[in-house]
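User: I would like to learn how to read the features of a structure one at a time. Please give me the general idea, then the case at hand.

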Amino acid sequence: MHDLVVDDAVIVTMNARRDVVRGWIAIDAGEVAALGEGPTPPARERVDACGGIVHPGFLSTHQHSMDAPARGAAGDARDFFDWLFGVYYATVLGHSAADAGRATALTAADLARAGITTVVDCWGVGGVGTRRADECLAASVRAAADSGLRWIVAPMVSDRLPPGWDRLLEDFPVAAADLVCPTGVAQGFAERAFDLATGRVEVWGSVELPEMAGDTLLTGIEALVRARGAGFTTHLCASEPGAVDVTGERAVARLERHGLLRRGTVGAHLVFADADDRVALARGGVGAAHCPAATMLLGGSSSPLGALRDAGIAIGLGLDNATLNATADMGAEVRQALMFDRVAGTGVVRATAHQVFAHATIDGARAIGREDTLGSLEPGKRADLVLVDTAGPHIGPMGDPLLTLVWQTTVADIRLVLVDGEPVHGQVARIRRW
């Protein structure tokens, strides 16, 4: 007898064959045990999907939780530094531990209701090395653990300002000491963070930008994540100046020199990666986090999606900052990615709805090095799934269920979200015992 069965469902598996199963999915000990058509097997608990669609939990491969309290604050068009210092840092530098915990809880609620079951959270409140930063990180991890979501916390550290930033800071209430700290302090903070991992919360290494990390810090972070068997993530080639280090070395080549171009490394944005960069990223097995909504809101005029796809790089989608993408809606992000690619694409051909939905699920799992356990509904994988109600008048007639998910359903149609077979959002009263 299974622990749980979801029946009368249209199951979009996202397996290698992209099978769609019209029937049931069984869960045991937090894993998908079986799925099939025909008679429903016995189980201790049952969810009646009422003909709705079940799909794998979404993955947000690049996000920032700490500016959630200011979501919706950026009402005017801003350049990057005006947003970074005047909105993002203006928010997070004032956080207490209670504020950080609340920001994480707000993010978690947004993620769960949107069917996002795994998130890579590039975490930061500034002031690395201070008691405030330590307490904020601990509070965030506690809130992430309480959410039940699969949460990767990647505390960002930096030990040098990029050229010209000291002059930029003169126009904002932000000091260099808020952004960078001595190398040993940064490494110590990153190392202590690993001791906070608990339950479904794990810790990765991160530097905010490669140009904000000296060689000694990159060497230390690489050794740390290798020793811990952890991943690494950073904003990579997110700006034209940032694609090249202060020495003139390409940022991607520099990470490769430090052993950080490998499976389990995720580069966020990659808008200004060149052809050689993309070849190196694909060769190393690095994942890309594409953030279309945030890129467009900050004035980005070119979508890297097609060029990254053409290079064979594993691509996930990321919701990025709440102050740039307040709705935390992965379905909307899929549509944004498609539209951005259609009008400003860089690839040989434009992406399809099927391909971009894969970026939100199985390809996102591949991008973070977890395709063996996440991203699709197959026996032996973790039971992270989303039940979507398709009874609304805005849905139908339903032909291809994946196209229905991309073009017709909304966050309001999500009825149940499970992580490891446990509900993290939805109408759990619909689970009933047999």
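Analyst: Start with accessibility: buried means under 20% relative accessible area, exposed over 50%, and partly exposed in between, with a 1.4 Å probe and protein chains only. By that scale Asp 215 is partly exposed, at a relative accessible area of 34%. This is a predicted model, where local features need pLDDT of at least 70, side-chain atom pairs count only at pLDDT 80 or more, and totals for chains, interfaces and linings use all residues. Residues are numbered from 1 along each chain as its sequence is written, and side-chain values use heavy atoms, with hydrogens and water left out.

User: With which residue does Asp 215 form a salt bridge?

Analyst: The general idea comes before the case. Side chains of opposite charge can pair when their charged atoms come close. A salt bridge here is a side-chain nitrogen of Lys or Arg within 4 Å of a carboxyl oxygen of Asp or Glu. Asp 215 forms one with Arg 254, and the closest N and O atoms are 3.0 Å apart. The pair links distant parts of the chain, with Asp 215 in helix H7 and Arg 254 in helix H8 (residues 251–257), 39 residues apart. Helices (H or I, at least four residues) and strands (E, at least two) are DSSP runs, numbered from the N terminus.

User: Is Arg 254 buried or exposed?

Analyst: Arg 254 counts as buried, at 1% relative accessibility.

User: How many salt bridges does the structure hold?

Analyst: The structure holds 29. One of them joins the side chains of Asp 3 and Arg 44, at 2.9 Å from N to O. Asp 3 lies in strand E1 (residues 2–12) and Arg 44 in strand E4 (residues 43–48), so this pair ties together parts 41 residues apart in sequence. Asp 3 is partly exposed at 31%. Arg 44 is partly exposed too, at 42%.

User: Where do Asp 195 and Arg 228 lie?

Analyst: Take the bridge itself, then the places. The side chains of Asp 195 and Arg 228 meet in a salt bridge of 3.6 Å, N to O. Asp 195 sits in the loop between H6 and strand E9 (201–203), and Arg 228 in helix H7 (residues 215–228), so the pair ties together parts 33 residues apart in sequence. Asp 195 counts as exposed, with 58% relative accessibility. Arg 228 is partly exposed, at 39%.

User: Which residues are linked in a network of salt bridges?

Analyst: The network links Glu 31, Arg 150, Arg 200, Arg 382, Asp 384, Asp 420 and Glu 422.

User: Next, helix packing. At what angle do H3 and H6 pack?

Analyst: Axes are lines fitted to C-alpha atoms, for helices over the stretch in contact, and angles run from 0 to 180 degrees between N-to-C directions. Helix H3 (residues 131–147) and helix H6 (residues 183–194) pack at about 25°, with axes 11 Å apart. That makes H3 roughly parallel to H6. Angles under 35 degrees count as roughly parallel, over 145 as roughly antiparallel, 65 to 115 as roughly perpendicular and the rest as oblique.

User: What residues make the contact of H3 and H6?

Analyst: Contact means heavy atoms within 4.5 Å. H3 contributes Ala 133, Asp 134 and Leu 137, while H6 contributes Phe 189, Arg 192 and Ala 193. By class, there are four nonpolar, no polar and two charged residues. Here Ala, Val, Leu, Ile, Met, Phe, Trp, Tyr, Cys and Pro count as nonpolar, Asp, Glu, Lys and Arg as charged, and the others, Gly among them, as polar.

User: How do H12 and H13 pack, and what is in their contact?

Analyst: Helix H12 (residues 330–344) and helix H13 (residues 353–360) pack at about 135°, with axes 10 Å apart. That makes H12 oblique to H13. Met 330, Val 334, Ala 337 and Leu 338 of H12 meet Ala 353, Val 356, Phe 357 and Ala 360 of H13. The contact has eight nonpolar, no polar and no charged residues.

User: Last, the backbone. Which residues does a cis peptide bond join?

Analyst: Most residues other than glycine have a negative phi, and most peptide bonds are trans. A cis peptide bond joins Gly 396 and Pro 397, with omega about -5°. Pro 397 is in the loop between strand E16 (385–388) and helix H15 (401–407). Arg 18, not a glycine, has a positive phi near 55°. Cys 50 also has a positive phi, about 55°, and lies in the loop between E4 and strand E5 (53–56).
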